[in-house]
Each structure stands twice: as structure tokens, then as C-alpha cells.
Amino acid sequence: MNSLHISAATEVTAESIKDTGLLNMIIFGVFVAVTLVVVLRASRNNKTAADYYAAGRSFTGPQNGTAIAGDYLSAASFLGIVGAIAVNGYDGFLYSIGFLVAWLVALLLVAEMLRNTGKFTMADVLSFRLKQRPVRIAAAITTLAVCFFYLLAQMAGAGGLVSLLMGIDGKIGQSLVITVVGALMIIYVLIGGMKGTTWVQIIKAFLLIAGAAIMTVWVLALHDFNLSDLLGAAVETTGNPAILDPGLQYGKSDTSKLDFVSLGLALVLGTAALPHVLMRFYTVPTAKEARRSVVWAIWLIGIFYLFTLVLGYGAAALIGSDAITGAPGGVNSAAPLLAFALGGPVLLGLISAVAFATILAVVAGLTITAAASFAHDIYANVIRKGQVDADGEVKVARTTVVVIGIISILGGIGAQGQNVAFLVALAFAVAASANLPTIVYSLYWRKFSTQGALWSMYGGLGSAILLIAFSPVVSGLETSMIPSADFQWFPLNNPGIVSIPLAFFLGWLGTVLDKNTESAIKQAEMEVRSLTGVGAEKAVDH
Amino acid sequence: MAEEQPVSHAAHPDQVDFREVQSSPEFQELRKRQRSFIFPMAVVFLVWYFAYVLLADYAHGFMSTPVIGNINVGLILGLLQFVSTFGITMAYVSYANRRMDPIAADLRHDLEAHGVSRPEETK
């Protein structure tokens with residue numbers, strides 16, 4: 001077994017992978033062709049706004065659960081976490097636990113009641129009993145902000161992946177690929193709407209989980225299906241026993257330890273506030289199906305993260321941390337490199353195509369969410385005050401898709417080289433600060449008022465972004481986005497530990513200081529509707 | 001698909017007094033059953049998660065203690081987070097199906113019989 005490790009490790013270099021670029025592109029092309037056909041077929045009866053935004057609420061719980069897994073298991077989960085475990089060991093594993101446990105917040109507190117009270121967007125729920133205009137505008141702004149951060153992460157992931165697969169280190173080549181991914185995404189969302197996007201996500205979730213399962217069994221087979229042996233091999237190859245213990249990445253100083261608590265908070269509270277996850281709950285006919293969706297999602301996502309544990313340590317054992325960080329694409333290249341070490345060019349091509357598909361499906365989900373939020377909340381309800389037919393709203397949504405697509409292409413080109421898991425963690429921090437307190441308060445706190453919602457959303461969003469801007473992520477270090485400047489004073493990379501409690505506090509303070517009280521009748525109606533599901537969109541009784 | 005067509009409010013929802021429904025014993029029972037499960041459970045899993053995060057962050061020695069071969073306390077506690085997440089999920093589904101859904105369905109049928117349809121604001 002040991003000789004196999006060494007030979008595999010020496011074979012896997014950037015040079016040997018370069019030659020397989022054409023094969024990878026062919027496999028990816030097949031995926032694009034197949035999904036385009038599916039999207040075209042799915043788009044045939046995209047007529048109304050409910051069709052375009054919520055797939056006619058026609059998906060079943062299991063289908064939607066698979067799509068949620070497809071939406072959620074982003075490039076960060078696959079490339080980022082496998083890479084983080086391979087390089088930072090146990091600390092990488094901690095990411096996946098936060099990402100999973102977070103689903104309990106969605107399951108217990110958010111999914112069903114959201115499905116019962118809203119229509120398309122998060123703002124539908126918040127504006128049920130609070131003042132329409134200010135709350136819709138605030139919710140749309142936070143939605144767009146979270147989608148933007150998340151899109152940046154995915155696009156940066158696409159660039160990193162390509163630099164590995166095609167040996168393109170040049171900025172122009174990578175930028176070209178980001179443009180292609182962005183253009184494809186625009187086509188999918190434009191034609192397919194939520195239905196097409198959902199099918200792409202279902203196909204992708206299946207491919208991703210199947211691909212990870214095959215590699216996991218393969219890695220375990222090489223180590224006699226003994227986890228302890230695998231861990232031992234990882235230590236041997238990397239020459240670093242600390243890879244099995246916590247602390248490699250976050251244990252360096254008191255600041256980095258605190259940073260980790262902050263990250264943990266953002267991960268566990270962010271998921272249930274991600275706009276593209278919330279929107280998926282509207283694609284099913286009832287709250288009960290929303291519950292079933294989350295249950296399916298939890299099983300699929302949990303099992304997938306168990307695979308990434310094996311894959312991460314497998315990459316450390318078969319390739320070694322140094323070879324991974326030295327490869328083009330850096331940390332994010334661990335999973336593709338492992339695929340090459342196991343199954344040569346064909347498996348590498350398959351896994352790379354899956355990773356591409358992952359990015360494509362996630363950016364499609366984010367884009368349709370952002371477009372729905374703009375068209376439904378800002379255009380239809382704020383600008384036109386509800387005086388617009390569904391056709392006009394969908395037309396605006398389609399235009400927004402193109403604009404967001406172009407912005408995310410440009411942003412993705414700018415964000416090349418950033419660690420994807422880390423960028424996603426920032427998106428989670430913004431979601432947990434700007435959205436979660438307001439969602440929870442408006443569902444469970446009778447007295448919650450418009451002023452509380454606005455203070456919490458703007459305060460959470462503002463503090464999270466401000467703290468990021470003055471953190472070492474943006475300036476002051478060699479690894480910062482702007483290494484030449486130094487205006488950082490907030491020591492943590494993740495703002496969650498400050499901004500999340502602050503947003504909860506502001507929501508409370510804004511409410512108790514609010515001179516206006518909200519309608520008790522509306523509150524009663526919302527509570528009754530949220531728990532019973534009476535008159536919820538498409539009230540088909542099962 | 002057709003459900004998106006504007007629904008005529010022949011029976012206006014204002015005819016139903018939601019505050020009356022809200023204070024009815026059936027609804028209060030449903031609300032109590034939901035809250036008495038989800039709030040304590042949310043506290044349990046959040047405390048357990050943050051206990052784990054703090055141990056991984058500040059108790060490196062304890063987490064690095066080997067248990068079986070190269071498998072240490074940290075890995076076992078991490079895997080237990082997966083187990084508890086799956087367990088809470090199954091417990092909630094079984095609780096909601098048994099204790100919440102029947103009441104919710106009864107109330108929904110009653111209200112829909114009184115002509116309650118979609119809320120006005122979100123049409």
C-alpha cells in the first residue's frame with residue numbers, strides 16, 4: 001500500500017493534468033448539452049410568475065430536497081472543504097459540521113412557517129404584517145447583498161478550477177472561462193426559470209453525490225476500509241501529525257481562536273437566512289412538503305459531508321499538503337488532484353465536470369433569487385405598488401437576470417484566487433446578521449415592529465460589511481484583497497460574532513422604542529396562517 | 001399552474017376574525033405543541049454545537065486524545081454532531097406528523113370552509 005501512495009504522489013503534477021484539458025472540456029460539454037435539453041423541456045409551460053419564480057410549486061419534497069442539496073453543496077463544499085481538510089486537517093472538518101447543523105435552524109424554526117406565509121421571496125414574509133415599502137426595500141437590499149457575496153465565491157471557484165484543469169495560469173484565460181460559465185448561467189435562468197434551474201440542481205446533486213461516493217469508497221478501499229489507517233497514511237504523507245487535531249488553522253493565536261467562534265456562529269445561523277435556500281421552500285405545494293424537503297436535504301448533505309472527510313484526508317494521504325498548495329488553483333485543487341491520483345484522466349474529467357456543474361447550478365439558483373427579489377419586491381411592489389401583471393414582472397426579472405449575470409462575471413474576474421470556502425463564510429455572516437434576526441422575530445415575536453425590522457436588517461448588513469471592509473481580509477496583510485493598502489483595525493476575518501448579536505439587539509431595541517404598534521389583527525392572521533397553512537399558495541390538501 | 005390566476009375574494013377573509021381563531025383553544029394547543037418542541041430543541045442543539053466548537057477551539061489537548069488507533073476524541077465528537085443532527089431531524093418529523101399536523105389540518109379545513117383564501121398583501 002505504501003508504495004502505491006508514493007507512486008501516486010509523484011505522478012500527480014500540474015504538467016500531467018494539463019494534457020487532459022481537452023477530455024475535461026468534452027465531458028463538461030456533454031453535461032451542458034444534456035442539461036440544456038432538460039431546461040428547454042422544463043421551460044415549455046413557464047407562463048406565470050409562479051411558474052418562473054417557484055416552478056409552479058409543483059415539485060415534491062424529495063425532488064426539492066435533492067435540489068436544495070444541489071443548491072447548497074456549492075463549490076465551497078466540494079472543492080473548498082476537501083481542500084481545507086487536506087491542508088488544514090481537522091479545522092477543515094469543522095466547516096462541514098457548521099454547514100450541516102445549521103439545517104436544524106431551517107427545519108425547526110423557518111421552513112414550514114415561511115412556506116405558509118410567503119409567496120416568492122423573504123420580503124413576502126416580513127411585509128405580511130409590517131409596513132410594505134420600507135421592509136420590502138430593506139429585505140431586497142440584504143437579499144441582493146448576500147447573493148452578490150455568494151456569487152463572487154462561486155465565480156472565483158470557477159476560475160480556480162480552470163487554472164488547475166487546463167493549466168491556465170494567465171488571468172485572461174481564467175477570465176474567459178468565468179465569462180463562459182456566467183453566460184451559460186444566464187441562458188439557463190433566462191430560459192428555464194425556477195423549473196429549469198431546479199432540474200439542473202437535481203441532476204447536479206445526483207452527479208456530485210455519486211461522484212463523491214465513488215471516490216470515497218475508492219479511497220477507503222485503498223486503506224482496507226479502515227478509517228484509522230487512512231488517517232495514519234495522511235499523517236505519514238504530510239509528515240504532520242497535527243493534521244488530525246484541531247488548531248492547525250485557527251489555533252495559532254487568541255485572535256484566530258476567536259475568529260473561529262465567529263465563523264461557527266455565522267455558519268450555524270446563516271444557512272436558514274440564505275435567500276436562495278429560502279426561495280426553494282416556495283417550489284413545493286405545502287408546508288408538509290417543505291418539511292420533507294429539508295429532511296431529504298439534511299440526509300443528502302450530511303452524507304456528502306461525511307464523504308468529504310474521507311476525501312480530504314484521502315487527498316492528504318495520496319497527494320500531500322505541499323503538492324496541493326503548490327498546484328495551480330491551490331487549496332481548491334485537492335479534490336480534482338485526488339480524482340487524478342485515483343482514476344487518472346477519465347475520473348479527473350468526470351469530477352471536474354461535476355465541479356463545473358456544481359458552480360453552474362449554484363450560480364443559477366443565486367441569480368434567479370436575486371432577480372426575483374428585484375422584480376417582485378422592488379419593481380412590482382415598491383415602484384409599481386402592485387399595479388403590474390405577472391407578465392410585466394417576469395419580463396423585469398428576466399432583464400435583471402442578464403444584469404446580475406454580467407455583474408457576477410465582472411466580480412468573479414476580480415475575485416480570482418480567493419479561497420472559496422472562506423468567501424462563502426462571509427456570505428453566511430452577512431445572511432446571519434442581516435436576515436435571520438428579522439425572520440425569527442417576525443415569525444415568533446408578537447410585538448415585533450417595522451422599526452425593529454429596519455434597524456436589525458440595516459444594522460446587521462451595515463456592521464457586517466463595514467467590519468469586513470476593515471478586516472485583514474481586505475487590507476493589511478499579504479494575503480488580503482488589497483495587499484498594498486493597510487486600513488484594517490478589526491482583527492477578525494469573520495464579522496459574525498459582533499454583527500449577529502448586534503442585529504438581534506437592534507431588532508429588539510427598534511421594536512421597544514417604536515412609537516407605532518403593528519396591527520394586532522394582521523399579527524393574528526399571520527400566526528394562524530403560518531401554523532395552519534390555511535390559504536397558502538396552491539392550497540391543495542393532501 | 002392555474003393557482004396563480006387572481007382569486008376572487010367572494011368571501012372576504014375579513015369575515016373571519018383571526019384574533020378569535022388565534023385565541024381559540026385548538027389554535028393555542030397547536031401553538032403550544034409547536035413551541036414546546038422547537039424552542040427547547042433549538043437550545044439543545046445550539047448549546048451542543050457551541051460546546052463542540054469551543055472544545056475544538058480551546059481544548060486541543062482533550063480533543064487530540066487518541067481513542068481507537070488514529071481516531072481521536074475530536075473526530076468522534078464531530079461525528080456525533082452528525083448523529084445528533086440526523087436524530088433531531090427524525091424526532092421532529094415524527095413529532096410534527098403525530099402531534100401538530102392533525103390539529104393544523106382541522107383548523108385549516110374549518111377556516112377554508114369559511115372562505116379564507118390567500119392573504120391580500122401577498123397576492
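Because the model is predicted, local features are reported only at pLDDT of at least 70 and side-chain atom pairs only at pLDDT 80 or more, while totals for chains, interfaces and linings use all residues. Residues are numbered from 1 along each chain as its sequence is written, and chains are lettered from A and ligands numbered from 1 in the order in which they are written.

With two residues taken to be in contact if their C-beta atoms, placed from the backbone, lie within 7 Å, 60 residues of chain A are in contact with 52 residues of chain B. Helices (DSSP runs of H or I, at least four residues) and strands (runs of E, at least two) are numbered from the N terminus; among the elements giving two or more residues to the side of chain A that touches chain B are helix 4 (49-54), helix 7 (90-117) and helix 12 (254-270) of chain A. The largest share of that side, 10 residues, is supplied by helix 7 of chain A. By class, the side of chain A that touches chain B comprises 32 nonpolar residues, 15 polar and 13 charged, where Ala, Val, Leu, Ile, Met, Phe, Trp, Tyr, Cys and Pro count as nonpolar, Asp, Glu, Lys and Arg as charged, and the others, Gly among them, as polar.

Helix 7 of chain A also packs within its own chain, its axis coming within 6 Å of that of helix 12 of chain A and crossing it at roughly 45°, with axes being lines fitted to C-alpha atoms over the stretch in contact and angles running from 0 to 180 degrees between N-to-C directions. The two helices are therefore oblique, a term for angles that are neither under 35 degrees (roughly parallel), over 145 (roughly antiparallel) nor 65 to 115 (roughly perpendicular). The residues of this contact divide into 7 nonpolar, 3 polar and no charged.

A residue is buried if 20 or more other C-beta atoms, placed from the backbone, lie within 10 Å of its own, and by this criterion 29 of the 32 residues of helix 14 of chain A are buried, so that this helix is largely enclosed by the rest of the structure. Just after helix 14 of chain A, A:G320 takes a positive phi of about 95°.

Chain B, which has 4 helices and 2 strands, follows the pattern α-α-α-β-β-α along its sequence, and 28% of its 123 residues count as buried.

Conventions: Buried ≥ 20, exposed ≤ 12 C-beta atoms within 10 Å, placed from the backbone.
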